[in-house]
Amino acid sequence: MIMALKRQSVKQMEHIRVLEDKDKLLAKQVQVLEKEVVATQSAVKACKEKLEDMSLRQNEVTDSLTRAETRFNDVQRLLAERTANLEKESHHSRRLQEECQTLRRKLDRSTKEQADDQLRSERDEYKALLKCSSCSTRFKSHVITRCMHVFCNECLQARLETRQRKCPSCAEPFGANDVRKIFL
Ligand SMILES: [Zn+2]
Ligand SMILES: [Zn+2]
């Protein structure tokens, strides 16, 4: 009976040792697992931080993109306005050029007309100077030597024939001998 109890006790001791060994092994495994958990947690934390950082950067990039788009739209609008202004100015300038040309043509015409008018009036003036002041139709051709006034021969002969023998200009009496032909 005692022997049986001893054997049982030894067996139980062995069993306890085995259990203790298993326990140690399990404790080690638990340690390893705990370390793994810590490592995993730290990796997850790093991952989260990275994710947050990326999300922040994405927001920054989105903001930059929005700003760039706004600026691009502004520049496009400005460009359109400037193009429209340039076209307007170019149109205005073309019209001014045309007006300028028209005015220049008018001025040229008017200058030419003025010159023509002046020439005509000078010609009329000289013609009047050459015309007999008594009849205003024929040219001067004879002088009364007593007063040196000049008329056409017809007018002087008419006065001699009708005995109105006085100079038409100054009423100086003259005779047939006082009339001389002149040569221009
Ligand atoms: Zn005359
Ligand atoms: Zn006279």
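Trainee: In which element is the place of Glu 154?

Mentor: Glu 154 sits in helix α2, where helices (H or I, at least four residues) and strands (E, at least two) are DSSP runs numbered from the N terminus. This is a predicted model, in which local features need pLDDT of at least 70 and side-chain atom pairs count only at pLDDT 80 or more, while totals for chains, interfaces and linings use all residues. Residues are numbered from 1 along each chain as its sequence is written, and chains are lettered from A and ligands numbered from 1 in the order in which they are written.

Trainee: Is Glu 154 buried or exposed, or does it fall in between?

Mentor: A residue is buried if 20 or more other C-beta atoms, placed from the backbone, lie within 10 Å of its own, exposed if 12 or fewer, and partly exposed in between. Glu 154 has 15 C-beta neighbours inside 10 Å, so it counts as partly exposed. Glu 154 is also 22 residues from Cys 132 in sequence, with 9.9 Å between their C-alpha atoms.

Trainee: How many helices and strands are there in the chain, and what pattern do they follow?

Mentor: The chain has two helices and three strands, and along the sequence they come in the pattern α-β-β-α-β. The radius of gyration, taken over C-alpha atoms, is 67 Å, well over the 16 Å that the globule rule (2.2 Å times the number of residues to the power 0.38) gives for 184 residues, so the chain is more spread out than a compact globule. Its C-alpha trace spans about 210 × 20 × 20 Å along the principal axes, and buried residues make up 3% of the 184 residues.

Trainee: Where does UniProt place the feature "coiled-coil region"?

Mentor: UniProt positions are given here in the numbering of this model, with feature names shortened, and annotations may be inferred rather than shown by experiment. The unreviewed UniProt entry places "coiled-coil region" at residues 86-113; in the model that span is 100% helix and 0% strand, with 40 Å between its end C-alpha atoms. The unreviewed entry also places "domain: RING-type" at residues 132-170, a span that is 23% helix and 15% strand, with its end C-alpha atoms 14 Å apart.

Trainee: In what order do the three strands form their sheet?

Mentor: Strands of a sheet pair through backbone hydrogen bonds, either parallel or antiparallel. In this model the three strands form an open sheet in the order β2-β1-β3, with antiparallel pairing, two strands being paired if DSSP finds at least two bridges between them. The edges are β2 (149-151) and β3 (179-181), each with a single partner strand, so one side of each is left without a neighbour in the sheet. Strand β1, residues 142-144, pairs with β3 over three bridges, and His 142 stands opposite Lys 181 in β3.
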